Amino acid sequence: MTNQHFLYDILRTCQYSQTLAEVADKLFVSKPYLGRALKGAETSFGVKLVERSKKPILLTKAGIETLKHLEVIAAAEDDLQRVLAREASRAPQPVNILVSNIFLEPMVLDLLCQRQLTDPQLRFCLNSAVENVAESNFHYDIIVGKRYLNQDYHSMPLPSNQVYIYISNHCRIYEPDKVVLPFKSEYVGDMNDARFVGINGAGGMYEYIVKSFSDLGIQLNTVAKVDNIADSLRMAKMQAEQSLMALASNYSVKQLGLRQYNLIELPPKMLEFENAVMYQRNLSSVGKLAEYLHEGLQKKIKEDADPCR
């Protein structure tokens, strides 16, 4: 109980009591303790709140006004306590996570699933199709991907992840005795003839990819746009004879168990990602989860850079 709430109880009880001793009995406190509390309030406010010389005791004009205002404050405090008690009794709220770098989404999901094995109480909501994080008012608890400058978020940098061009064994470029092919200028013609599966949304990343290829003289023939890397690879596999190509990480290709393919390395600095794991500074409860993701992603990104691993 706050001092203001206690003073409210004193003044309210004075209205139905003969003496301060009776007020103390009704509030289950000693008379000296009640007297000190009342005297302290009167000294603080600089006015007399209770006329003690009369029987029954009476509230002064200042006491009546104080009681009216304290009644509002007490009601607000009681309401707040009910709300907090209700929130405390609810099931854990899911952690709202955004993966703005689509190539990291499979890694993040795997790490979260592994975390739930040791922390069954973990609840999360994974998002990956946001056009503009800034316009979404940064309402995410954790953001994985492009590093944003926002003073409300603590940022932990990640290395840039490796991205490849996935081609099936039906592409003219395909070399069966290799997994990874270095990018060569003579591939440009074949890539212009191939069909491409793009990624929908993802914060403008598709437009960034199209421009980057255009700078190399490759005009992507986009025949479809899907929601994630896994779907683009499934489509490329199902329509392998159509010479479909897609951008992918080695991690995603291995996850799907694809066979008879090549991964073409992109030219240096063609697609570079300034990655980070960020979490809201005022949410200490998600800090450990963010640190867990940061540690796990550092390891997975390093391993993913070696396709033969």
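In the predicted model, strand 9 (residues 195-199) and strand 10 run parallel to each other and are joined over five bridges. Within this pairing, Phe 196 has Thr 222 of strand 10 as its bridge partner. Helix 8 (residues 229-238) packs on the sheet, where it touches strand 7, strand 9, strand 10 and strand 11. The direction of helix 8 makes about 155° with that of strand 11.

The sheet is open and has six strands, in the order 8-12-7-11-9-10, with mixed pairing. Strand 8 (180-181) and strand 10 (221-226) each have a single partner strand and stand at the edges, so one side of each lacks a neighbour in the sheet. Helix 7 (residues 205-215) also lies across strand 7 (164-168), strand 9, strand 10 and strand 11 (244-248). The angle between helix 7 and strand 9 is about 145°.

Thr 60 is located in the loop between strand 2 (58-59) and helix 4 (61-89). Its relative accessible area is 18%, and Thr 60 therefore counts as buried, the limit being under 20%. When residues up to four places away in sequence are not counted, Thr 60 touches Lys 48, Leu 49, Val 50 and Glu 51.

A disulfide is a covalent bond between the sulfur atoms of two cysteines. A search of the whole structure finds zero disulfides.

Definitions and conventions
Residues are numbered from 1 along each chain as its sequence is written. This is a predicted model: local features need pLDDT of at least 70, side-chain atom pairs count only at pLDDT 80 or more; totals for chains, interfaces and linings use all residues. Side-chain values use heavy atoms; hydrogens and water are left out. Two strands pair if DSSP finds at least two bridges between them. Helices (H or I, at least four residues) and strands (E, at least two) are DSSP runs, numbered from the N terminus. Contact means heavy atoms within 4.5 Å. Axes are lines fitted to C-alpha atoms, for helices over the stretch in contact, and angles run from 0 to 180 degrees between N-to-C directions. A disulfide is a pair of cysteine sulfur atoms within 2.5 Å. Buried means under 20% relative accessible area, exposed over 50%, partly exposed in between (1.4 Å probe, protein chains only).
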